[in-house]
Amino acid sequence: MAPNMLKDWERLAGTISFRTDAFIDGAFVKSASERTFASLSPIDGRHLADIACCDEEDVNRAVNSARRAFEDGRWSARAPVERKKTLQNLARLIRKNANELALTETLDMGKPIADSTAIDIPAVANCFDWYAEAIDKVYDEIAPTAQSALALIAREPLGVVAAVVPWNFPLLMAAWKLAPALATGNSVILKPSERSSLSALHLAELAIEAGIPAGVFNVLPGLGSQTGRALGLHMDVDGLFFTGSTAVGKAFMEYSARSNLKKLGLELGGKSPNIILASYRDTKHAARTSAGSAFFNQGEMCTCPSRLIVENSIHDEVVETLVEVARDFAPGNPLDPKTTMGALVDEHHATGVLEFVESAKDEGADIATGGTRVRTETGGCYVQPTVFDNVKNHMKIARQEIFGPMLSVIPVENVEEAVQVANDTCYGLASAVWTDDLTTAHNVSKRIRAGMVYVNCYDCDDMSVPFGGYKQSGFGRDKSLHALEKYTELKTTWINIS
Ligand code: NAD
């Protein structure tokens, strides 16, 4: 059971210890250079740990170990039912260590403990269970050829796979890649974000206990420009699966082209449109849900519905409700189970987010609420939930990903203009439309160029549905059985039986 009092979490935070070395070939080891980087908590600036800073030499060691493990079949050749049992062990251990893992996420990147205990860690365990359960139930194919041949179409693991992930859901974004990659028999190297590496190192400890063999799962903490880059350019990494910004996603395409043309999956940024139409029966409900989704996780969400496109006739009621909800999201101590909005990930990010307020003012948007830094006495990185009103879609706040608790209201005349504004973006990750008119719901959801369209809801989720984007939000999908396609090659074996 998770503690439900601030003082209990503070006591636990005072005693928790962290793994800080890299995890290579089944053992925790210092980086070859013995260099480290500091991890500070955005809650109050406290020093959490000095973590191994891996470079090219460590990447080579991890790739060699992963390759050996893959080739000798210690994991890749195991029956799916055996891999399933091991991954189920891992899911069980994650649940057993849920409090420590949740606390680590909260201390490391500032999200409310209520979210890391109720959402992040259960979702991580569920993800490992889901792919474990799936893997001994997927079949290969036989092609409908002439009688003279038997053509087998089989899926085989890629080999050595790297996963490079961001900090907003540190363990969950990793799990979305690790679970299907491991279930399909690959050897995996995880590079967590330098802003949130600690839970990944704890996961490595649990992986050994669960029975994942040495070399099959490695964790390399380090900087993107060193560890991430070295993985991207490595000649013996078969596939690289990335979640992060569009700019770094483009860098991975270059790395792949300059090295071995490794397969890529890119889950990138978003600037998601959320259309509330007058034809929806309950304007307040739509506005409340939309604000809740925009401010959840401090707005540090790739799917954040940051462009709220609203018909003029209901504009005032929507803005009034957004302002009310913003009050409920007043930033608080992330270790307090009552807190709904925590700290932004670090000082640099908080400063960048606040720069958008200046830009909004310069470009003539109104600030309906928020826009300032708060709780400065704590030494942490807290920004008020902010609603920009009367925003035009060409403004910087409507075009660039803010990745903070900021929402832009864009008034429109009618459905036609709403769809045009929704699609006027380089991104295409999530989107939503609120209407009770069935025809409008179908038409709008068909016309929006995005990987996910929610109708009369936002951010609804299940492991069974694919997650990913159109346009510069990337390609490939996490979650669902479709993710298995990313981590496997298709092989045709044509047998002449004439
Ligand atoms: P980021 O792109 O800065 O970093 C992501 C990862 O890439 C980190 O591990 C980082 O160390 C590494 N990296 C950074 N620069 C690199 C380089 N030059 N070469 C190789 N690796 C490098 O992103 P972030 O700030 O950690 O995360 C926020 C971004 O992630 C947002 O754009 C958000 O939309 C996106 N995101 C997308 C999804 C999705 O599923 N589409 C989910 C979560 C977050």
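I began with H10 and H11, and found that H10 passes H11 in a right-handed crossing. A crossing is right-handed if the near helix is turned clockwise from the far one by less than a right angle, and left-handed if anticlockwise. I noted that helices (H or I, at least four residues) are DSSP runs, numbered from the N terminus.

The model is predicted: local features need pLDDT of at least 70, side-chain atom pairs count only at pLDDT 80 or more, and totals for chains, interfaces and linings use all residues. Residues are numbered from 1 along each chain as its sequence is written, and side-chain values use heavy atoms, with hydrogens and water left out.

Next I looked up the geometry. H10 covers residues 283-295 and H11 covers residues 315-328; their axes are 8 Å apart, at an angle of about 45 degrees. Axes are lines fitted to C-alpha atoms, for helices over the stretch in contact, and angles run from 0 to 180 degrees between N-to-C directions. H10 and H11 are therefore oblique to each other. The cut-offs are under 35 degrees for roughly parallel, over 145 for roughly antiparallel, 65 to 115 for roughly perpendicular, and oblique for the rest.

I then listed the contact, meaning heavy atoms within 4.5 Å. On the H10 side I found Ala287, Arg288 and Phe295, among others; the H11 side includes Val318, Leu322 and Asp328. The residues of this contact of H10 with H11 divide into seven nonpolar, three polar and six charged. Here Ala, Val, Leu, Ile, Met, Phe, Trp, Tyr, Cys and Pro count as nonpolar, Asp, Glu, Lys and Arg as charged, and the others, Gly among them, as polar.

Glu100 and Leu101 of H4 are among the contact residues, as are His202 and Leu206 of H7. By class, the contact of H4 with H7 has three nonpolar, three polar and three charged residues.

Last, the ligand. A polar backbone atom of glycine 224 is 3.3 Å from a ligand nitrogen atom.

Definitions and conventions. Helices (H or I, at least four residues) and strands (E, at least two) are DSSP runs, numbered from the N terminus. A polar contact is a pair of N or O atoms within 3.5 Å; within protein, one must be able to donate a hydrogen and the other to accept it, and residues adjacent in sequence count only if both atoms are side-chain atoms.
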